[in-house]
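This briefing looks at how parts of one protein chain pack against each other. Please keep the structure in view while reading the points below.

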Amino acid sequence: MNLRQLSGLFLCGSAGYAALELLWRQRTHWTMALTGGTVFIGLARTAERLKGLSLPRRCAAGSVLITTAELIVGATVNLHYRMQVWDYSREKLNFKGQICVKYAALWYLLSAPAMALAERLAHTA
């Protein structure tokens with residue numbers, strides 16, 4: 001991918017992730033925009049690499065990618081810097097309040113349309 005494609009993906013992912021948070025939680029944080037941009041680039045690359053796999057496997061890979069990014073960012077901004085951007089400690093099956101099965105499942109469902117959009121944008125930019 002060239003710089004123009006990467007920039008377009010990053011901007012779309014930043015805006016999309018922040019918009020999802022605003023719709024879901026009625027608030028967001030600048031670190032989520034950075035995370036969203038980075039993740040969207042990763043989803044485009046994942047979609048390209050896993051093109052021959054079944055949709056459930058691609059969705060699982062997307063969910064793992066997004067959940068891992070949330071864990072890394074959460075450990076940094078919430079646990080290390082104590083910025084209190086989010087706290088999933090009240091959710092069932094959470095890990096240190098940073099990730100949980102509920103949101104990993106939602107990322108699974110959103111991975112298919114997100115990867116399709118990321119892949120399409122990567123090829124049109």
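This is a predicted model: local features need pLDDT of at least 70, side-chain atom pairs count only at pLDDT 80 or more; totals for chains, interfaces and linings use all residues.

Leucine 43 is in contact with Gly62, Leu65, Ile66, Ala114, Met115 and Ala118, when residues up to four places away in sequence are not counted.

**Nonpolar core**
- The largest nonpolar core holds 23 residues, and those that touch the most other members are Leu9, Met32, Phe40, Leu43, Ile66, Trp86 and Ala118.
- Two or more residues of this core come from each of H1, H2, helix H3 (55–80) and helix H4 (101–124), with H2 giving the largest share, seven residues.

**Helices H1 and H2**
- Helix H1 (residues 3–25) and helix H2 (residues 30–49) have axes that come within 6 Å of each other and cross at roughly 125°, and the two helices are therefore oblique to each other.
- The crossing in which H1 passes H2 is right-handed.
- On the H1 side the contact is made by Leu6, Leu9, Phe10, Cys12, Gly13, Ser14, Tyr17 and Glu21, which meet Met32, Ala33, Leu34, Thr35, Gly36, Gly37, Thr38, Phe40, Ile41, Ala44 and Arg45 in H2.
- By type, the residues of this contact between H1 and H2 comprise 11 nonpolar, six polar and two charged.

**Serine 63**
- Serine 63, which lies in helix H3, has a relative accessible area of 8% and is therefore buried, since buried means under 20%.
- Apart from neighbours within four places in sequence, serine 63 contacts Ala104, Trp107, Tyr108 and Ser111.

How values were computed. Residues are numbered from 1 along each chain as its sequence is written. Side-chain values use heavy atoms; hydrogens and water are left out. Axes are lines fitted to C-alpha atoms, for helices over the stretch in contact, and angles run from 0 to 180 degrees between N-to-C directions. Helices (H or I, at least four residues) and strands (E, at least two) are DSSP runs, numbered from the N terminus. Angles under 35 degrees count as roughly parallel, over 145 as roughly antiparallel, 65 to 115 as roughly perpendicular and the rest as oblique. A crossing is left-handed if the near helix is turned anticlockwise from the far one by less than a right angle, and right-handed if clockwise. Contact means heavy atoms within 4.5 Å. Ala, Val, Leu, Ile, Met, Phe, Trp, Tyr, Cys and Pro count as nonpolar, Asp, Glu, Lys and Arg as charged, and the others, Gly among them, as polar. A nonpolar core is a set of buried Ala, Val, Leu, Ile, Met, Phe, Trp, Tyr and Cys residues joined through side-chain atoms within 4.5 Å. Buried means under 20% relative accessible area, exposed over 50%, partly exposed in between (1.4 Å probe, protein chains only).
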